[in-house]
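User: Could you walk me through reading a few features of this model, starting with a ligand site?

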Amino acid sequence: MSVELISANHAAALAATLAGRANRSARGFCSGVYPITPSTECMEFLCGQEIEKGKVVRADSEHNAMGICIGASAAGARSFTTTCSNGLAYMVENCVAAAGYRLPIVMSVANRTLGPPWNIWADHGDSLLLRDLGWLQLYSADNQEVFDTVLCAFRLAEDPRILMPVLCCMDGFILSHTMAQVEIPTQEQIDRFLPPATIPQRLDKAAHTLGQMETPHQSVVHRSQHHQAMLGARQVYSEIQDSFTEIFGRRPADPLVSYRAEDAETLIVSMGTLGVTAERVVDQLRDQGQAVGSVRVRMFRPLPDTELRQLFGGKKRIAVLDRDISIGFGGALWGEVRNFADRDSIVQGYMIGVGGGDVRPEHLLNLLAELEQSEESAAPKIVEVA
Amino acid sequence: MAQKKTRSTPQSSTTKMVLPDDITFPLEIRLHGRGGQGGVTCAKLIAAIYAQLGLNVQTFGDYGAERSGAPVRAFARVDRAPIRNRNKVYQPDHLLVLDAALLAPPVLDGVGAKAAILLNSPEAAEKYAETFADFRFGIIDATGIARKHGIGTSSVVIINTTLVGAYLRLLELPLEVLEDVYTGMGLEDDLAAAKEAYQKVQVCQPSPRATQKTAKTTGGQLETCLPEVKPQTEHFEDIPSRLKTGSWSTQLPGYEDYVAPCNHACPAGNDVVGFIQALKTSGPDAAAEVLLHTQPLPSVCGRVCPAPCMHECNRNQMDGAVNIRSLERWIADHSDFRLQPEKAAKAFSLAVIGGGPAGLSAAWQLALRGHQVTIFEKESKLGGVLRYGIPVYRLPEEVLERDLKRILALGITSVCDHPVDKAEMARLHQDYDALILSKGFSDAYNLAAAGESLDGIEQGLDFLARSRKSESGENLVGDVVVIGGGNTAIDCARTALRSGASSVKLVYRRSRDEMPAIEEEIQDALREGVQLLALRQPVAFRGVGQVAGIVLAEVELGEPDADGRRRPLVTERTSEMNCSRVLLALGQQNTLDLLPDCWQIRKDRIWQKDQPLNIWLAGDCATADGTVTHAIGNGRLVAMEALAKLSGTESTPTTTPQGSVVAPAQVRFSHFPVLAPHQDRHRVLETYQNSFEEVNLGLSGQEEAERCFSCGRCTQCDTCLVYCPDGVISRSENGYQIDEDYCKGCGICVAECPRRAMDLRDKGLSDVR
Ligand SMILES: Cc1cc2nc3c(=O)[nH]c(=O)nc-3n(C[C@H](O)[C@H](O)[C@H](O)COP(=O)(O)OP(=O)(O)OC[C@H]3O[C@@H](n4cnc5c(N)ncnc54)[C@H](O)[C@@H]3O)c2cc1C
Ligand code: SF4
Ligand code: SF4
Ligand code: SF4
């Protein structure tokens with residue numbers, strides 16, 4: 001184990017590299033990549049690595065980058081890629097295919113606002129495009145978490161009970177371009193954590209097709225299998241956490257990271273780095289005697305509904321922060337979690353930091369102060385942050 | 001930081017040391033620089049230093065869509081506890097400014113009284129003493145030191161590794177940490193510069209009266225330094241934003257013409273790129289209109305010019321020069337366009353003596369400007385060498401006539417069969433406002449070898465002249481030897497071949513590479529059957545009455561002489577060869593025997609005692625350049641000079657265009673498809689005997705014009721407009737305009753312009769490097 005001062009983009013790429021090397025005794029590693037700010041450094045780093053039995057293909061578009069991952073994975077290789085924003089939008093058609101083929105591809109997304117108008121900064125709108133496609137989605141809040149998440153993602157994706165692609169999200173720039181110390185395990189440890197990948201449906205000597213035409217009934221069955229497998233991810237993830245802890249000596253973060261939430265009257269719910277800012281605010285308000293807590297949703301798909309319902313139970317006020325806008329509706333997270341609250345709780349949605357604004361504790365203090373005064377939930381609010 | 005292959009910072013071992021008391025946690029550091037200066041890496045180096053000391057760190061840049069030159073910020077945060085703060089740094093404890101030109105309120109925002117400030121500037125600390133009296137303040141010429149140590153390139157000096165040395169000193173941190181960190185990151189080479197900065201940084205402690213809360217220039221309170229938390233209102237602002245990002249830039253692109261190398265090389269002063277582009281876009285008449293301003297003999301030069309323009313053409317570096325000469329011919333052969341003479345405010349009356357290219361060019365320029373010109377020519381027709389030297393298979397009679405007709409149509413009077421002598425010279429001087437003397441070279445040189453007076457040995461020029469004057473050419477039989485290596489020699493050889501010679505040998509004393517004749521002409525001669533005997537010097541002729549043989553000595557080449565060509569050393573080894581005719585082509589003398597005795601030449605003008613007369617020399621008799629295009633350029637120059645003197649205006653006319661010449665590296669070859677030059681068509685015959693028809697038939701079309709890059713001159717191709725990432729370039733009435741309010745000065749338009757019709761200029765910020 002060593003400690004390195006690296007950016008989260010590099011942390012993701014390094015995790016993918018180590019995972020790729022760990023598959024050397026099986027079908028190796030193959031990745032299709034295409035650059036886009038702020039994910040570019042991740043793919044650049046990957047391109048610079050030597051991976052035994054590994055190949056990083058610089059594709060001519062995001063669409064084909066995913067196409068390469070699909071081919072690689074269908075041939076039994078471990079596969080990884082990275083993109084964001086409109087690059088992800090362009091990739092979507094093949095993302096649908098990757099999920100439909102149930103291929104264990106891992107993708108890192110440095111979340112970036114969708115354009116136009118063009119904007120390169122953080123916003124979750126891009127990864128949310130994939131919300132309903134059958135990809136697992138994990139959101140991280142610091143560099144170590146990014147590294148750990150990518151490693152866990154391979155285990156998750158390749159688990160025979162799951163077998164589907166996983167999206168690992170980090171806030172563009174706020175994480176992707178921030179350097180911090182990251183603990184890096186040895187290859188030997190990684191090898192133990194990530195056994196050679198077996199992809200049962202892989203195209204091999206015996207001829208068969210993937211994703212062929214099917215009848216309505218067959219589709220229902222396949223969708224339902226996919227759905228059930230995704231729901232099982234929560235259980236599988238906790239096993240992975242145990243194994244991770246055993247091998248690396250530290251526990252990767254839970255699907256929900258709750259912070260001083262148990263006895264809180266007011267709860268802040270968020271995803272990504274907004275969550276750590278929320279935790280700072282919680283500390284500040286606790287010091288002033290206010291019972292505030294935070295829940296950071298790390299696993300957005302499958303959404304840990306039972307745990308959320310449990311956490312929300314008895315809370316007076318719940319502020320849901322979304323770094324996204326589902327236009328014409330409100331925040332996506334708010335839309336999903338508001339029903340887990342008690343009937344008489346006030347659940348207020350805030351779209352904050354949209355387009356990459358620097359959300360500071362003061363912003364949250366302001367909106368919480370206002371929330372304390374309110375008697376009922378209002379329509380979701382957009383908070384302007386420069 | 002010089003971009004080494006350093007993947008990350010190993011933190012395996014940390015350096016143990018006690019931190020100075022005044023470093024408190026969390027520690028927040030902010031850097032201000034410009035895109036491209038390496039500020040983000042500088043922040044990383046600082047973070048790496050604290051990481052080396054066993055502290056938790058975080059570092060990041062404040063990324064914008066802006067490119068090179070725009071203000072950039074970078075941050076670092078240090079704490080004993082894990083860092084949860086994900087915000088930018090608004091109240092830095094340490095402030096580093098990489099560029100003094102940035103010192104303005106936003107840079108100093110939020111800088112509290114206890115802060116330490118480090119500035120990169122070659123200036124003395126005193127200059128800032130007042131401004132930063134309340135802070136611990138350091139100043140260092142990191143740019144100078146980094147440049148001295150050769151970090152970065154000569155144009156982009158990378159200062160971050162150097163600046164960090166000064167930072168350590170400002171905070172009283174020991175240098176050893178730096179060694180560990182730089183070694184770990186593969187930056188050992190930059191250590192010396194960092195150490196020098198550590199030694200040299202001037203540090204000023206805060207003055208005791210440091211009660212003021214913020215830097216003076218901010219004038220504000222700490223609290224106002226945080227961006228305002230806006231009310232929760234809907235956000236409606238027009239797109240694009242009202243942020244005038246153009247004010248951040250240090251450079252501004254602009255449209256400018258640069259000199260195309262072809263234009264620079266043309267001795268006649270032709271606007272080559274101008275006439276080619278006019279041909280391309282508007283056809284031969286438009287092209288002729290451009291060309292005729294400097295070129296009265298386009299049909300001639302389009303055939304016989306050695307075309308130095310093509311030697312310099314930038315397309316040589318890609319797939320072969322543009323066939324400029326033949327495009328010039330194409331225009332002359334396909335346009336009857338006539339320039340209309342101007343009306344002169346005061347018309348002068350001038351005489352030109354000698355109707356060769358120089359005289360014709362001078363007359364053309366004078367007549368175009370509305371002056372009265374009379375040409376006095378000793379032969380019966382105008383043209384000089386063009387008429388009695390260059391053979392018709394290269395320059396057909398009717399082609400020359402066409403150019404002459406256009407010239408004379410300007411109202412020039414020509415008086416032929418009128419040799420001017422000393423007395424006539426003096427008379428003309430009385431009768432005209434000014435004279436231009438363009439009589440060409442004089443008699444040809446002899447060989448001074450034994451037997452030179454035998455029959456059958458004569459000057460090649462006489463042979464050529466006779467050959468042109470007689471209808472059917474001259475009949476000539478037997479074995480012919482031509483002596484010389486210039487255009488005259490080649491023309492004699494090829495004419496001899498056509499006149500009935502059984503064999504033609506060209507004897508030249510140096511090697512083929514040194515032959516002064518036009519290369520294409522040499523090739524044509526060899527193709528037609530002329531044999532070349534290089535490195536041979538005739539030492540005697542044999543024969544009784546009539547020449548029957550020639551004795552040739554072998555020649556070796558010695559040291560280069562004044563003109564750079566290797567000196568021929570005649571050896572004792574000789575051989576003899578039979579021949580029946582010898583044509584001498586050894587060059588011509590340059591004497592001026594038609595000047596009255598009391599006149600002298602001083603710098604191409606005639607003087608009488610200390611009085612300059614209004615008589616100028618032009619063409620070969622003045623310059624001895626020996627090409628038509630030079631004669632034309634010089635004729636124009638001299639005409640302008642004479643006019644300037646007559647009208648009492650100062651003039652500094654030049655033939656070559658002034659300004660910076662577009663180098664091949666400034667043309668984006670990748671923008672242009674590879675396309676081989678369109679070659680001239682040639683009449684290929686079994687035998688050239690008795691055929692005086694034109695050999696070179698020129699181009700079959702004008703497509704060759706498409707190959708011209710248009711070096712240095714905008715073609716309105718829209719590339720700049722398309723590539724501008726900010727979309728601030730738009731078409732204007734006669735070109736393009738750039739919206740300075742939003743131009744970031746990234747220079748992408750300039751870099752993308754395929755032909756260097758744009759440039760970046762400094763907006764004049766004082767301390768930007
Ligand atoms: C055989 C030959 C081939 C050449 N081939 C080429 C070629 O292919 N390309 C090229 O660029 N250059 C070539 N040149 C050189 C080029 O022709 C000359 O450099 C050019 O013609 C010089 O022009 P000019 O006006 O100075 O002199 P000239 O052309 O010599 O004209 C001088 C004129 O003055 C007249 N004159 C002389 N004395 C008097 C007098 N006392 N009174 C009145 N009139 C007088 C002459 O009759 C003549 O008409 C060649 C030269 C020769 C000899
Ligand atoms: S005169 Fe000669 S050098 Fe000038 S443009 Fe014409 S061919 Fe080129
Ligand atoms: S490419 Fe055109 S403009 Fe450029 S040097 Fe050649 S002829 Fe002149
Ligand atoms: S890119 Fe094209 S339009 Fe723009 S300056 Fe250059 S030549 Fe002109």
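User: How do the residues of the shell around ligand 2 divide into nonpolar, polar and charged?

Analyst: Some ground rules come with it: this is a predicted model, where local features need pLDDT of at least 70, side-chain atom pairs count only at pLDDT 80 or more, and totals for chains, interfaces and linings use all residues. Residues are numbered from 1 along each chain as written, chains are lettered from A and ligands numbered from 1 in the order written, and side-chain values use heavy atoms, without hydrogens and water.
The shell holds seven nonpolar, three polar and two charged residues. Ala, Val, Leu, Ile, Met, Phe, Trp, Tyr, Cys and Pro count as nonpolar, Asp, Glu, Lys and Arg as charged, and the others, Gly among them, as polar. Among the residues around ligand 2 are B:Cys266, B:Cys301, B:Arg325 and B:Glu328.

User: Which strands make up the open sheet, and in what order?

Analyst: In general, strands of a sheet pair through backbone hydrogen bonds, either parallel or antiparallel. Strands here are DSSP runs of E (at least two residues), helices runs of H or I (at least four), numbered from the N terminus, and two strands pair if DSSP finds at least two bridges between them. In chain B, the order is β13-β20-β14-β15-β16, with parallel pairing.

User: Why is one side of β13 and of β16 in chain B left without a neighbour in the sheet?

Analyst: β13 (457-459) and β16 (531-534) of chain B stand at the edges with a single partner strand each, so one side of each has no neighbour in the sheet. β15 (residues 503-508) of chain B pairs with β16(B) over four bridges, and B:Leu506 has B:Leu532 as its bridge partner in β16(B).

Conventions
A residue is near a molecule or strand if one of its heavy atoms lies within 4 Å of it.
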